[in-house]
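Dear colleague,

Please find below the structure that I am handing over to you. My findings follow it.

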Amino acid sequence: GIFFTVNGFAEGKRDAAHLIQLNALFCDIDFPDKTNRDPDKIRIYKNDLAQELFQDDILPTAIVETKNGLHVYWVFTQPILLNEYNPTQRETLLANYRKVEEAILSRFDGDPAAKDTSRVLRVPDTYHQKNPLDVFQCKILHFAKQNTYTFDNLASKFLKEPTQGTMIDGWAIAQQETQIDE
């Protein structure tokens, strides 16, 4: 298969030390029955899940159909450039990013292992070929470039309790004030 990272990394290294920007929140949702992968049941599951996503009050930017489920993306209006924040702010931001990812995974019964900022997901229009006798082409089911969000907007929609320090714009203003005072 062919994969991509949702977020941006420097020097071709996909690890926390090289993370330079956050581009979106995402969810990898697979058919829950790992032992009985009946194609008809998976198709019904994917259709029901897509309907649930479209009835939600915060529509995804993109939905990609995979062999056993869906990859769902909520893209940020502007990438969050981590070099614009001091180390404490970055740490808080990344902790809050994880909280929102976990809330999304919980809400849609997503893969709990697929929540790290360095996660790779399948590229649409490529083939899932784990089993050469059962190849599946991943497809874009939905793409709406107008459905972009600020991190704060997504956090307020998906979290039951507000996080501390999620105000991205507030951090940018605080940095500007600090720079002016220096």
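Tryptophan 74 and phenylalanine 158 are both buried, where buried means under 20% relative accessible area, exposed over 50% and partly exposed in between, with a 1.4 Å probe and protein chains only. This is a predicted model, in which local features need pLDDT of at least 70 and side-chain atom pairs count only at pLDDT 80 or more, while totals for chains, interfaces and linings use all residues. Residues are numbered from 1 along each chain as its sequence is written, and side-chain values use heavy atoms, with hydrogens and water left out.

The ring centres of tryptophan 74 and phenylalanine 158 are 5.2 Å apart and their planes lie at 70 degrees, so the pair is edge-to-face. Rings of Phe, Tyr and Trp (its six-membered ring) pair if their centres lie within 6.5 Å; planes under 30 degrees apart count as stacked, over 60 as edge-to-face and the rest as tilted. Tryptophan 74 belongs to strand 5 and phenylalanine 158 to helix 3, so the pair ties together parts 84 residues apart in sequence. Helices (H or I, at least four residues) and strands (E, at least two) are DSSP runs, numbered from the N terminus.

The count of aromatic pairs comes to 5. In another of them, the rings of tryptophan 74 and phenylalanine 108 have centres 6.0 Å apart and planes at 20 degrees, so this pair is stacked. Phenylalanine 108 lies in helix 2, 34 residues from tryptophan 74, and is likewise buried. Trp74, Phe108 and Phe158 form one aromatic cluster. Beyond four places in sequence, phenylalanine 158 touches Asp56, Ile58, Trp74, Val100, Ala103, Ile104, Arg107 and Phe108, a contact being heavy atoms within 4.5 Å.

The largest nonpolar core has 43 residues, and Leu22, Trp74 and Phe158 have the most contacts inside it. Such a core is a set of buried Ala, Val, Leu, Ile, Met, Phe, Trp, Tyr and Cys residues joined through side-chain atoms within 4.5 Å. At least two of its residues come from each of strand 3 (19-30), helix 1 (39-55), strand 4 (62-65), strand 5 (69-81), helix 2 (87-108) and helix 3 (151-158). Helix 2 contributes the most, with 8 residues.

In helix 1, the buried residues are Ile42, Tyr45, Lys46, Leu49, Ala50 and Leu53. Viewed down the axis, the buried residues of helix 1 fall within an arc of 135 degrees, so they line one face of the helix; the arc is that of the directions from the helix axis to the C-beta atoms. Their cover includes strand 3, strand 4, strand 5, helix 2 and strand 8 (136-137).

Asparagine 68 sits in the loop between strand 4 and strand 5 and is buried, with a relative accessible area of 18%. Leaving aside neighbours within four places in sequence, asparagine 68 contacts Ile29, Asp30, Phe31, Arg37 and Ile42. The side chains of asparagine 68 and arginine 37 are joined by a polar contact of 3.2 Å. A polar contact is a pair of N or O atoms within 3.5 Å; within protein, one must be able to donate a hydrogen and the other to accept it, and residues adjacent in sequence count only if both atoms are side-chain atoms.

Overall, the protein chain has 4 helices and 10 strands. Of its 182 residues, 43% count as buried.

With kind regards
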